[in-house]
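Please look over the sequence and the 3D model shown here, and keep both at hand while reading the report that follows.

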Amino acid sequence: MLADLVAGALEDAAERQLTRSLSEVEAAALARPAALDALAALAPAERVKIIAEVKRASPSRGDLAEIPDPAVLASIYAGAGASAISVLTEGRKFKGSLADLEAVRAAVPVPVLRKDFIATEYQVLEARAAGADLVLLIVAALDQPTLERLHAFIRSLGMTPLVETHDAVEVSRAVDLGADLVGVNARDLSTFELDPDLFGRLAERIPAGTVKVAESAVKTPADVAHYRAAGADVVLIGEALVTGADPAATLKEFLSS
């Protein structure tokens, strides 16, 4: 599944590059105002912080929410206390777009994450051109030289890489990289099965001073509390927010857990 998602994302990026060259995207990226300081926004605090996600669909669950105006949803998130907004920009399985990211960036004062299957510099430049402050790098999708190169490139553009891991080996790779922001995704991207205790088993391998992000397997405030007790500074939440009747109220419940 992960290999197919990466291949699809690369095909779509190559298609976009036919009409918008690398040099054009680079110029647009460099013309953007400086990226917001995501590390400061997500720094450890007395209470857990939340990255709230704009997510229409997923390969495991299919359609989740229509979200006709992602900027409106993102504004609700920011108003309810989200420290950052994640925007799915993958179009095939998640039904997102770079236009969603641009709309969200224009609507909120907090950092915005491009969540996609990033494997090339062109995609990173697209993220900055659309206003992203953070870019997701999935360790399982990249060999170490590519991971290192993209991590450095994201930083060179003033953005923050969120380095996502799924097991102890991947955490070691993220640590060797010098990542400041490390996520542990409870969802196995090969099988899409969930393990809500994975973060707790891996958190101690992440060095002090690194911002720790727990991803996936959140349905209730108790799930957020579980991650917080295991050492999470930040929890990334998507499905539970977009499928609920009142995302602001749900988010506030999560923040108070």
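## A report on the predicted model

Arg-92 is found in the loop between strand 4 and helix 5, where helices (H or I, at least four residues) and strands (E, at least two) are DSSP runs, numbered from the N terminus. This is a predicted model, in which local features need pLDDT of at least 70 and side-chain atom pairs count only at pLDDT 80 or more, while totals for chains, interfaces and linings use all residues. Residues are numbered from 1 along each chain as its sequence is written, and side-chain values use heavy atoms, with hydrogens and water left out.

With a relative accessible area of 44%, Arg-92 is partly exposed; buried means under 20% relative accessible area, exposed over 50%, and partly exposed in between (1.4 Å probe, protein chains only). Not counting residues up to four places away in sequence, Arg-92 touches Gly-8, Glu-11 and Asp-12, where contact means heavy atoms within 4.5 Å. Arg-92 and Leu-5 are 87 residues apart in sequence, and their C-alpha atoms are 8.4 Å apart in space.

**The annotated domain**

The UniProt record, an unreviewed entry, carries the annotation "domain: Indole-3-glycerol phosphate synthase" for residues 4–253; UniProt positions are given in the numbering used here, feature names are shortened, and annotations may be inferred rather than shown by experiment.

**Aromatic pairs**

How many aromatic pairs does the structure hold? There are two aromatic pairs, and rings of Phe, Tyr and Trp (its six-membered ring) pair if their centres lie within 6.5 Å, with planes under 30 degrees apart counted as stacked, over 60 as edge-to-face and the rest as tilted. The rings of Phe-94 and Phe-117 have centres 6.0 Å apart and planes at 35 degrees, so this pair is tilted. The pair links distant parts of the chain, since Phe-94 is in the loop between strand 4 (84–88) and helix 5 (98–107), whereas Phe-117 is in the loop between strand 5 (112–115) and helix 6 (121–129), 23 residues apart. The second pair, Phe-199 with Tyr-227, is edge-to-face, at 5.9 Å centre to centre and 75 degrees between the planes. This pair also links distant parts of the chain, with Phe-199 in helix 9 (residues 198–202) and Tyr-227 in helix 10 (residues 221–229), 28 residues apart.

| Residue | Relative accessible area | Class |
|---|---|---|
| Phe-94 | 9% | buried |
| Phe-117 | 7% | buried |
| Phe-199 | 1% | buried |
| Tyr-227 | 2% | buried |

**Helices that pack together**

Helix 4 (residues 70–80) and helix 5 pack at an angle of about 45 degrees, with their axes 8 Å apart; axes are lines fitted to C-alpha atoms, for helices over the stretch in contact, and angles run from 0 to 180 degrees between N-to-C directions. Helix 4 and helix 5 are therefore oblique to each other, given that angles under 35 degrees count as roughly parallel, over 145 as roughly antiparallel, 65 to 115 as roughly perpendicular and the rest as oblique. In this packing, Pro-70, Ala-71, Ala-74 and Ser-75 of helix 4 meet Asp-100, Ala-103, Val-104 and Ala-107 of helix 5.

Helix 6 and helix 7 (residues 144–156) pack at an angle of about 25 degrees, with their axes 10 Å apart, which makes helix 6 roughly parallel to helix 7. Glu-121, Val-124 and Leu-125 of helix 6 make the contact with Arg-149, Leu-150, Phe-153 and Ile-154 of helix 7.

**Two threonines in strand 7**

Thr-160 is placed in strand 7 and is buried, with a relative accessible area of 9%. Leaving out residues up to four places away in sequence, Thr-160 touches several residues, among them Ala-38, Asp-133, Ile-154 and Leu-181. Thr-165 also lies in strand 7 (residues 160–165), and at 0% relative accessibility Thr-165 counts as buried. Beyond its neighbours within four places in sequence, Thr-165 is in contact with residues including Val-139, Glu-170, Val-182 and Asn-185.

**Positive phi values**

Most residues other than glycine have a negative phi. Ser-216, although not a glycine, has a positive phi of about 75 degrees. Ser-216 is in the loop between strand 9 (211–215) and helix 10, and at 19% relative accessibility Ser-216 counts as buried. Ala-217 lies in the loop between strand 9 and helix 10, and its phi is near 65 degrees, a positive value in a residue other than glycine.
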